[in-house]
Amino acid sequence: MELRVKKTHRNAKLPSRATEGSAGLDLSAALDETVIIPPGEVRSISTGIAIEIPEGMVAFLFARSSLGLKHSVSLVNSVGVIDNDYRGTVSILLINHSDTPFQIENGDRLAQLIITSFVSPDIVEVEKLSDTERNTGGFGSTGTK
């Protein structure tokens, strides 16, 4: 499989794997100047790239665990979804959960991109769903141990 990538900003870096076994491709900030995210605030950070996701595939954006652990910074929407028909610049929506400002420099690795296949089902309205052992039980209905 091939991921076609177009740079939309002169400071953009192509997605890359930190190690050979990495599932996610690191995405970096493409900035002209430093960005500060004040405590409790959200910023959209451009990666400076647009991607062409193959048909039948979808891309998911996940936060880098080190940002959460070391800085209390995460993706505002937990997981970003990039549909395969989107051709615009990929942005990373970050929120600062800490009580100190978070500084982002050009080239900082901020998120991971994972591409996987998906199924697009036909939607069928029904009067009744099939029964299961669990049925409507949820939110801890199976216990904790």
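Predicted model: local features only at pLDDT ≥ 70, side-chain atom pairs only at ≥ 80, totals over all residues.

Reader: How many salt bridges does a search of the whole structure find?
Author: Six. A salt bridge here is a side-chain nitrogen of Lys or Arg within 4 Å of a carboxyl oxygen of Asp or Glu.

Reader: What does glutamate 52 form a salt bridge with?
Author: Arginine 4, with the closest N and O atoms 3.3 Å apart. The pair links distant parts of the chain: glutamate 52 sits in strand E4 (residues 42–52) and arginine 4 in strand E1 (residues 4–7), 48 residues apart. Strands (E, at least two residues) are DSSP runs, numbered from the N terminus.

Reader: And arginine 10, which residue does it pair with?
Author: Aspartate 32, at 3.0 Å between the closest N and O atoms. Arginine 10 lies in the loop between E1 and strand E2 (25–28), and aspartate 32 in the loop between E2 and strand E3 (35–37).

Reader: Switching topic. Is arginine 10 buried or exposed?
Author: Exposed, with a relative accessible area of 66%. Exposed means over 50%, buried under 20%, partly exposed in between (1.4 Å probe, protein chains only). Aspartate 32 is exposed too, at 57%. Glutamate 52 is partly exposed, at 32%.

Reader: Which residues are linked in a network?
Author: Asp26, Arg64 and Arg109, through salt bridges.

Definitions and conventions: Residues numbered from 1 in each chain as written. Heavy atoms only, no water. Helix = DSSP H or I, 4+ residues; strand = E, 2+ residues; numbered from the N terminus.
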